[in-house]
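Thanks for passing this one along.

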Amino acid sequence: MKKMSRMQELLEIMATLRDPQNGCDWDKKQTFDSIIPYTIEETFEAVDAIERQEWADVRDELGDLLFQIVFYSQLGKEQGLFEFEDIAGAMCDKLVRRHPHVFGEKDAGGNPLEKADWEGIKAQERAAKAKPDAELSILDDVPTSLPALGRAAKLQKRCARFGFDWDSVGPVAEKVQEELDEVMEEALMVDVDQERVDEEVGDLLFAAVNLARHLGTNPEMALRKANMKFESRFRKIEMKLRDNGKKLQESEPDELENLWQEVKRDEGNKTT
């Protein structure tokens with residue numbers, strides 16, 4: 001008897017968890033919508049493990065993320081929408097379709113007859129999915145559920161492919177400064193309009209994302225790294241305060257700033 005693959009075992013475990021008579025009460029009541037928050041949470045936990053390079057955690061978190069896909073596939077199977085094999089098959093077809101330079105025909109020298117055109121092929125796919133009477137937009141498939149920084153970068157990148165972009169980084173940097181000036185102009189009003197401030201801050205962030213894109217930086221990852229750096233430094237401040245027998249609540253702003261600069265100097269000394 002052929003041994004069941006672990007993937008097939010996982011699919012059967014999922015089906016058992018959803019079994020109307022013998023399944024788990026929690027799993028049985030879940031829907032496509034109800035498990036969305038868990039999918040997002042598991043995605044970020046996997047990213048966190050990868051960034052920490054804790055490879056045992058990476059394995060476990062990727063397993064949790066895979067379970068989310070298996071859960072969706074079971075829901076789809078129950079409703080007659082799709083199964084896991086359909087998901088895997090669609091992905092196989094898509095990868096082959098989008099890589100004609102890899103999987104397509106080759107000349108006698110082994111060189112591909114078609115060039116790589118990832119975005120062009122995606123545009124063809126969008127057109128094929130659109131309703132006949134629909135007015136197409138190149139932004140149609142940019143998900144609104146993406147993190148805001150990542151979505152801003154994707155919107156900008158998509159438009160840049162059609163020439164809606166600056167040719168150099170200089171004007172982009174000037175735009176960031178312009179947006180910062182507009183933020184401060186609103187913030188320093190006698191009667192501050194918070195909605196206007198929010199709007200201008202949004203424009204500033206959008207411009208900053210554009211600058212990051214022009215510099216070849218992923219803004220989402222850059223901000224994640226900045227968050228981690230800030231957290232690491234602030235934890236060191238707390239440690240220094242504890243070593244001095246002080247509490248954070250008892251410290252003056254000037255003392256905290258001095259400790260912040262001290263931590264930065266310590267880091268600089270370690271890199272030289």
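How many aromatic pairs does a search of the whole structure find?

1. The search turns up seven aromatic pairs. Please keep in mind throughout that this is a predicted model.

2. Take the pair of Trp-26 and Phe-71: the ring centres are 6.5 Å apart and the planes meet at 75 degrees, so the pair counts as edge-to-face, for which the angle must be over 60 degrees. Trp-26 belongs to helix 2 (residues 25–28) and Phe-71 to helix 4 (residues 55–78), so this contact ties together parts that are 45 residues apart in sequence.

3. Trp-26 is partly exposed, with a value of 35%.

4. Ile-36 sits in helix 3, which covers residues 36–52. With a relative accessible area of 39%, Ile-36 is partly exposed, and it can count towards a patch because the cut-off is over 30%.

5. Lastly, the annotation: an unreviewed UniProt entry places "domain: NTP pyrophosphohydrolase MazG-like" at residues 30–103. In the model, that span is 81% helix and 0% strand, and its end C-alpha atoms lie 39 Å apart.

Terms used:
Residues are numbered from 1 along each chain as its sequence is written. This is a predicted model: local features need pLDDT of at least 70, side-chain atom pairs count only at pLDDT 80 or more; totals for chains, interfaces and linings use all residues. Side-chain values use heavy atoms; hydrogens and water are left out. Helices (H or I, at least four residues) and strands (E, at least two) are DSSP runs, numbered from the N terminus. Buried means under 20% relative accessible area, exposed over 50%, partly exposed in between (1.4 Å probe, protein chains only). UniProt positions are given in the numbering used here, feature names are shortened, and annotations may be inferred rather than shown by experiment. Rings of Phe, Tyr and Trp (its six-membered ring) pair if their centres lie within 6.5 Å; planes under 30 degrees apart count as stacked, over 60 as edge-to-face and the rest as tilted.
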